[in-house]
Amino acid sequence: GFIVKGRSGNYTTAEDVLICTAWKKISQDASVGSDQTVNTYWQRIKEYFDERNTSGHFRSSDSLRQCWST
């Protein structure tokens, strides 16, 4: 399960790689294309991330988005 207790701290290298993988997978999904809002886009990235994240840390879609932008 996830550890939900305030700020989760810095992203691990594995989480950084997973965000990149999720972004690439979702952005190249031709079945959806550009017919989605920014919030839907990042929610799909979060779902992909959550299914594969083994760090034990909860990451919100806003947190993923902020991490991606830095």
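In these legends, helix axes are lines fitted to C-alpha atoms over the stretch in contact, with angles taken between N-to-C directions. The structure shown is a predicted model.

**View 1. Helix H1 crossing helix H3.** Here we look at H1, residues 13–27, together with H3, residues 61–69. Their axes come within 11 Å and cross at roughly 95°. Since angles of 65 to 115 degrees count as roughly perpendicular, H1 and H3 are therefore roughly perpendicular to each other. On the H1 side, Asp16, Ile19, Cys20 and Trp23 take part, and they meet Leu64, Cys67 and Trp68 in H3. By residue class, this contact holds 6 nonpolar, no polar and 1 charged.

**View 2. Helix H2 crossing helix H3.** H2 spans residues 38–52, and its axis comes within 9 Å of that of H3, again with a crossing of roughly 95°. H2 and H3 are therefore roughly perpendicular to each other. Val38, Asn39, Trp42, Gln43, Lys46 and Phe49 in H2 meet Ser61, Leu64, Arg65 and Trp68 in H3. The residues of this contact divide into 5 nonpolar, 3 polar and 2 charged.

View 3. Searching the whole structure turns up 0 disulfides. Cys67 counts as buried, with 18% relative accessibility, while Cys20, at 40%, counts as partly exposed.

Definitions and conventions: Residues numbered from 1 in each chain as written. Predicted model: local features only at pLDDT ≥ 70, side-chain atom pairs only at ≥ 80, totals over all residues. Heavy atoms only, no water. Axes fitted to C-alpha atoms, helices over the stretch in contact; angles between N-to-C directions. Helix = DSSP H or I, 4+ residues; strand = E, 2+ residues; numbered from the N terminus. Parallel < 35°, antiparallel > 145°, perpendicular 65-115°, else oblique. Contact = heavy atoms within 4.5 Å. Nonpolar A, V, L, I, M, F, W, Y, C, P; charged D, E, K, R; others polar. Disulfide = S-S within 2.5 Å. Buried < 20%, exposed > 50% of the residue type's maximum accessible area, 1.4 Å probe, protein only.
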